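Let's take a walk through this protein chain together. Have the sequence and the 3D view ready, and follow along one piece at a time.

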Amino acid sequence: MQKLLISAAVLLLAGFCAEAAAQQPTSPKTVTSRTAPVSGGYTVTGTLKGLENTTIYLGIARGGKTEFPAEASDSALVSPEGAFTFRGQVAEPVIACLMPARALDKTNFETIQKTRPVASFLLDNGQTTIEGTVPATSAADLPKVTSTSPLTLKWEAIVRDMLALAETRRTDKAPGEILDSLAYANIALNRDNMTGALLLASIAGWTPLDKLEAGIASIDPSVSSAYLDRARFMLMKRSGRYIDIELADSTGQSVKLSDVLARNNKYVLLDFWASWCGPCRRESPHLVAAYQKYHGLGFEIYGVSLDKPEAADAWKKAMCDDGFTWPNVSALQTHRWVAENETARLYGVESIPSNFLIRNDGVIVATNLRGADLEAKLAELLGQ
């Protein structure tokens, strides 16, 4: 039981890197790490004995995820002495891990299952150092992470404390329940910073919904983090209930999704789109046709544009050109990709078009209805 508990704790706190390794491509794109420091960015250096003369990969989870993307974010050659260096920049602290090249062999599932991340840590701008021997023989022997970032140090301390407690706990409880209790104890101590939100996001996939909802409510309102948004998204996904949105329309007037739901509408389509999105614009005729046919029967649309600030005029023009007469809002937020948009990540949206059909009691009844599928679903629900 003790070994099982430790393994479960390592898997949780490593951000599910082992699962991510199974999703890595057989031949990932190799990106040589920058040789010069990035102003205001991060530098990750260290020595990993046992990985001399190999390539290691830096995986970065984006959009508040605790699992990792299909491709490694960066790679570095480990010197004959075991030294390595990564350089770059992050917009906010993110979970990251170092993986050996052998873990990226998608064709050998047995090898993947036996391979654990070399190190998992909270990557923040500044200097981070990772020292250790691979493979580690116990949780206590995992590579040591030091950093100039207070948040990275805080997360490392939480990880070490939880692993130490997991090793000493002997009980008949399921490992997941013990992890839950350890995680919530640390969340209570970190309600005023992003590490509490990160812990919530890490356990949001299986913790009881009432505890997850209470945990989200306990985080201080001043904490703005992609991990808190991820926890909210997981609550929505598992409960099937919508998350409220309040953004400004093209006139600057604030419009809440909950208010639209309350206007005697039986169903509201939450539609994520953008003026620059070709597939979104090709969906426009289907949306207009469905709206004209079913609006009188209780159907409404709440459009959310993911346009950036410099595209405000293009957003307004697209609404006019495509004939949108329903509520349309936008944060006009700068982001590099869809998953970084704060409103989009609340709903786990990573590409557009994307939509959610919400009943007036707040239950999501369908997602991603495209083309004729939208009218077919509305005919089924509204009886025409």
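How many of the residues of α6 are buried? The answer is 10 of 10, so α6 is mostly covered. If you'd like to find them in the view, the buried residues are M194, T195, G196, A197, L198, L199, L200, A201, S202 and I203. Keep in mind that what you're looking at is a predicted model.

Let's step back for a moment to get our bearings. The chain has 384 residues, and 52% of them count as buried. Its secondary structure comes to 13 helices and 15 strands. Now take the contacts in the chain with a separation of 6 or more: residues 24 or more positions apart account for 71% of these.

Back to the helices, and on to α8, which covers residues 226–239. Here 10 of the 14 residues are buried, so α8 is largely enclosed by the rest of the structure. The buried ones are A226, Y227, L228, D229, R230, A231, F233, M234, L235 and M236.

The axes of α6 and α8 are 8 Å apart and meet at an angle of about 30°. Angles under 35 degrees count as roughly parallel, and the two helices are therefore roughly parallel to each other. Their crossing is left-handed. On the α6 side, the contact is made by M194, A197, L198, L200 and A201, while α8 brings Y227, L228, R230 and A231. Sorted by type, the residues of this contact are eight nonpolar, no polar and one charged.

Now for the other partner, α7, which runs over residues 209–218. Are α7 and α8 roughly parallel or roughly antiparallel to each other? They pack at an angle of about 150°, with their axes 10 Å apart. Angles over 145 degrees count as roughly antiparallel, and that is therefore the label for α7 and α8. As for handedness, α7 passes α8 in a left-handed crossing. From α7, the residues making the contact are L209, L212, E213 and I216; from α8, they are L228, A231, R232, L235, R238 and S239. This contact divides into six nonpolar residues, one polar and three charged.

Between α6 and α7 there is a loop, and G205 is found in it. Its relative accessibility is 45%, so G205 counts as partly exposed. Which residues does G205 touch, leaving aside its neighbours within four places in sequence? They are M234 and R238, and R238 is also part of the contact between α7 and α8. You can compare positions along the chain with positions in space here, too: G205 and A231 are 26 residues apart in sequence, and their C-alpha atoms are 8.6 Å apart.

Where are the cis peptide bonds? One joins V134 and P135, with omega about 0°. P135 sits in the loop between β7 (126–133) and β8 (144–147). Another runs from I352 to P353, and there omega is near 5°. You'll find P353 in the loop between α12 and β14 (354–359).

Our last stops are two asparagines with a positive phi, a value noted here in residues other than glycine. For N53, phi is near 60°. This residue is in the loop between β1 (42–49) and β2 (55–60). Is N53 buried or exposed? With a relative accessible area of 57%, N53 is exposed. For N264, phi is near 55°, and its place is in the loop between α9 (257–261) and β11 (267–273). N264 is exposed as well, with a relative accessible area of 78%.

Terms used
Residues numbered from 1 in each chain as written. Predicted model: local features only at pLDDT ≥ 70, side-chain atom pairs only at ≥ 80, totals over all residues. Heavy atoms only, no water. Axes fitted to C-alpha atoms, helices over the stretch in contact; angles between N-to-C directions. Helix = DSSP H or I, 4+ residues; strand = E, 2+ residues; numbered from the N terminus. Parallel < 35°, antiparallel > 145°, perpendicular 65-115°, else oblique. Left-handed = near helix turned anticlockwise from the far one by under 90°. Contact = heavy atoms within 4.5 Å. Nonpolar A, V, L, I, M, F, W, Y, C, P; charged D, E, K, R; others polar. Buried < 20%, exposed > 50% of the residue type's maximum accessible area, 1.4 Å probe, protein only.
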